[in-house]
Amino acid sequence: MDRIVITGGAPLNGVIPIYGAKNSALKLQAASLLSAEPLMLENMPDLADTRFMTQLLQSLGVEITWIKETRTLRMHAAEILSTIAPYDQVRKMRASFNVLGPLLARAGHATVSLPGGCAIGARPVDLHLKAFEAMGADIHIEQGYVKAAALRGLKGAAIEFPFVSVGATEHTMLAAVLAQGETVLKNAACEPEIADLADCLNAMGARVEGAGTAEIHIQGVTSLKGAKHAVVADRIEAGTYAMAAAAAGGNVLLAGARFEHLGAMIKFLREAGVQVDAEGRGLRVVRKRGQRLKAASFETAAFPGFPTDLQAQAMALMCLADGESRIKETIFENRFMHAPELTRLGAKIEVHGNEAVVTGVEKLAGAPVMATDLRASVSLVIAGLAAEGETIVNRVYHLDRGFEGLEAKLAACGAQIARQRGED
Ligand code: UD1
């Protein structure tokens, strides 16, 4: 297995390009199933997860070409050849489950494995299934598979989510665009990736209004056409490199990062004493060497709150801050697995249920650590960049799921970081 070796202490200076958002790209890829004409996605990230989605879609009959020079993915679902997403595929990547809605809407039926839990929590999909039922689908669970049918088509419905779910909001949109009549989603998630999905669907001829607010109106249409759409910049990738620059010190420009999508994180970084400003079409992050970080507390929340996907990275940063910070995780029940690993580097962290108390230390010291999930693993990289000596991050396949060219981007700014290729 590959591992990443970091010699900490080097500041980061330079420009880091921010690519399209993984969490948006995966749903946009699923949208290709909705039309018999090609969908072109520009600014695509090239990640283990997006490649994985490509393979799944190919198995369903979508013809896919990756045009590397322009970072464009061309997807053409002229015909749906299969409506089955097997366990092995959905188990490896939860977002595969998102093919259910589009298959149901276009083909009238689908059999998709239930995704099951994952390292950060149980992560049920009950809200997704209830929404499809409200739209008239017959849903049965058999041997771990969701068997869904709407042979005479889905019908628009009024759906109020009991709590905010990014996945359920997106998945319902993906089905409702081809339903008969109007679907109204209340208490919808407001994440920028949802507005991005709506923009793409509208470019394909859908009629979605209000995406990005808590109430979304969708007028169903009978078919969708081809379109070209640029994937929104990855706010989590941008936030991660902002934390890395803050931890290591230095001055970086995150080219393509969207200031307006990172409000809660920018507030947190400024409170910690880091300078963050919009600059052209990007974000400049500066922390002078020798300037100690200040403790800042936060709790994760749905957008526009502090993203749970940046919680681990922010915790890594707070390990070096002056004072005590309190971090509350409100979205996932088991998302502090990075805490014991950070402790191996000398951090002082106490976890009580869904709250962590971090008492900043003056220095971290490099050590071998183990990545447990995507965002946790990058928090260990951030800590390693700031620690004295050598940090070895094992199980880096988690990183490859969500960060394209991580070592290259950091090394180009002066980090001492390299990948060691493993045997298997
Ligand atoms: C998406 C993101 C993930 C991010 C999360 C929250 C993708 C591929 N993943 O995950 O990176 O951390 O949003 O911003 O886009 N829940 C239920 N029933 C459901 C659906 C969700 O109980 O049917 C619960 C979840 O277990 C979780 C909470 O609702 O506790 C929020 O989850 P949700 O917003 O749906 O996250 P995902 O879409 O899975």
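Is Ile64 buried or exposed? With a relative accessibility of 16%, Ile64 counts as buried, where buried means under 20% relative accessible area, exposed over 50%, and partly exposed in between (1.4 Å probe, protein chains only). The model shown in these views is predicted: local features need pLDDT of at least 70, side-chain atom pairs count only at pLDDT 80 or more, and totals for chains, interfaces and linings use all residues. Residues are numbered from 1 along each chain as its sequence is written, and side-chain values use heavy atoms, with hydrogens and water left out.

**View 1. Ile64 and its contacts.** Ile64 belongs to strand E4, which comprises residues 63-67. Helices (H or I, at least four residues) and strands (E, at least two) are DSSP runs, numbered from the N terminus. Apart from neighbours within four places in sequence, Ile64 is in contact with Thr54, Leu57, Gln58, Leu73, Arg74 and Met75; contact means heavy atoms within 4.5 Å. Leu197 stands 133 residues from Ile64 along the chain, and the C-alpha atoms of these two residues are separated by 19 Å.

View 2. Helix H2 covers residues 48-60 and has 13 residues. From the first C-alpha to the last, H2 reaches 19 Å, close to the 18 Å expected at 1.5 Å a residue; the expected span of a helix is 1.5 Å times one less than its number of residues. The buried residues of H2 are Asp49, Thr50, Phe52, Met53, Thr54, Leu56, Leu57 and Leu60.

View 3. Asn43 is found in the loop between strand E3 (39-42) and H2. Its phi is near 55 degrees, a positive value in a residue other than glycine. Asn43 counts as partly exposed, because its relative accessibility is 26%.

**View 4. The packing of helices H4 and H6.** Helix H4 (residues 100-107) packs with helix H6 (residues 166-176) at an angle of about 15 degrees, and their axes are 7 Å apart. Axes are lines fitted to C-alpha atoms, for helices over the stretch in contact, and angles run from 0 to 180 degrees between N-to-C directions. H4 and H6 are therefore roughly parallel to each other; angles under 35 degrees count as roughly parallel, over 145 as roughly antiparallel, 65 to 115 as roughly perpendicular and the rest as oblique. The crossing of H4 and H6 is right-handed: a crossing is left-handed if the near helix is turned anticlockwise from the far one by less than a right angle, and right-handed if clockwise. On the H4 side the contact is made by Leu100, Gly101, Pro102 and Ala105, and on the H6 side by His171, Leu174 and Ala175. By class, the residues of this contact of H4 with H6 are five nonpolar, two polar and no charged. Ala, Val, Leu, Ile, Met, Phe, Trp, Tyr, Cys and Pro count as nonpolar, Asp, Glu, Lys and Arg as charged, and the others, Gly among them, as polar.

**View 5. The packing of helices H1 and H7.** The axes of helix H1 (residues 22-31) and helix H7 (residues 192-203) come within 9 Å and cross at roughly 30 degrees. H1 and H7 are therefore roughly parallel to each other, and their crossing is right-handed. Asn23, Ser24, Lys27, Leu28 and Ala31 of H1 meet Glu193, Asp196, Leu197, Cys200 and Leu201 of H7. The contact of H1 with H7 has five nonpolar, two polar and three charged residues.

View 6. His261 lies in the loop between strand E15 (250-255) and helix H9 (263-271). His261 is buried, with a relative accessible area of 14%. Not counting residues up to four places away in sequence, His261 touches Pro192, Val232, Arg235 and Phe303. The peptide bond from Phe303 to Pro304 is cis, with omega near 10 degrees. Pro304 is placed in the loop between strand E18 (298-299) and helix H10 (311-318).

**View 7. Arg395 and Arg401.** Arg395 sits in the loop between strand E23 (390-394) and helix H13 (397-402), and its phi is near 60 degrees, a positive value in a residue other than glycine. Arg401 lies in helix H13 and is partly exposed, with a relative accessible area of 26%. Residues up to four places away in sequence aside, Arg401 touches Lys22, Leu47, Ala48, Asp49 and Leu374.
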